[in-house]
Amino acid sequence: MMAAFNHRLAMLDWKRIAAELDQDGCAVLPGLFDRVQASAMAAMTGPGSAQNQIPGLRVSGEGEVLRLAQTLPEPLNALRTDLYAQLLPIANRWNEILGIEGRFPSTFDEFLAQNGKAGQAHPQSSLSKLCGQAYQALHQYAEGRWIFPLQLVALLSEPERDFTGGELVMIEQRPRMQSRPMVLPLGMGDAAIIAVAQRPFKGGKGFYRVNVKHAISRVRGGERIGLELVFHDAP
């Protein structure tokens, strides 16, 4: 299963992904996980799961969020390491454009060590289970000295079969302009790379900084299970 997954990751059009991230702050990765992988990860939220020994944390909107440990189960651990390498040039370029001091190291292990030295020791990756009219309010991961500007969001259940509603929504706030909403349609196993908190936007007078948050709209029926894969730890 890991070999097939690694092949799918390697076959992605990273030039297209980088261009979409620069333009919109998001890029959809269709079928990143196959149905077997998506179902296996969704099962981590069920009764008897080893991950369920960690109490679910409640967030605004009554969505249940299960924080994952620093060492993720496969294939997520390998995915995060490989994605970091692919997204590293974009992340460093964004920091340079925005005038943010510091660049990210060449490997994910080095980045985690950098987090630790800065007092960032709380993992932020999570699984979410939304049902009974639950939703996830607008949020972002913007705490800490080292903030990797990109993250992954994935859907692990089937729209219209397992649940209705529950769309991935992004809100982009531009200076002196109305906020721009975006809805990213995802199917089971689809993922999206999105801006974590801030990204560069090229206007008529050059680049400026825009603020980005994301949310999951209200689930109207059934149960929606999703994944957020965040690269940096919180203080």
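Val169 has Ala215 as its bridge partner in strand E12. The model is a predicted one: local features need pLDDT of at least 70, side-chain atom pairs count only at pLDDT 80 or more, and totals for chains, interfaces and linings use all residues. Residues are numbered from 1 along each chain as its sequence is written, and side-chain values use heavy atoms, with hydrogens and water left out.

Let me stay with E12, residues 206-216. Strands here are DSSP runs of E with at least two residues, helices are runs of H or I with at least four, and both are numbered from the N terminus. Two strands pair if DSSP finds at least two bridges between them. Strand E8, residues 168-173, runs antiparallel to E12, and six bridges join them. E11, residues 198-203, is likewise antiparallel to E12 and is joined to it by six bridges. A hairpin of two residues links E11 to E12. Strand E5, residues 136-139, also pairs with E12 in the antiparallel sense, over two bridges; His139 has His214 as its partner in E12.

I turn now to helix H5, residues 108-117. Which of its residues are buried, that is, under 20% relative accessible area with a 1.4 Å probe and protein chains only? They are Phe108, Phe111, Leu112, Gln114 and Asn115. Seen down the axis of H5, these buried residues fall within an arc of 155°, taken from the directions from the helix axis to the C-beta atoms, so they line one face of the helix. In general, an α-helix has 3.6 residues a turn, so residues three or four places apart point the same way. The buried residues of H5 pack against helix H4, residues 76-98, with contact meaning heavy atoms within 4.5 Å. On the other side of H5, Asp109 and Lys117 are exposed, the cut-off being over 50%. Just after H5, Gly119 takes a positive phi of about 80°.

Next, the cysteines. The whole structure holds zero disulfides, a disulfide being a pair of cysteine sulfur atoms within 2.5 Å. Cys26 is buried, at a relative accessible area of 10%, whereas Cys131 is partly exposed, at 37%, a class that lies between the two cut-offs.

Finally, the totals. The protein has five helices and 13 strands, and buried residues make up 49% of its 235 residues.
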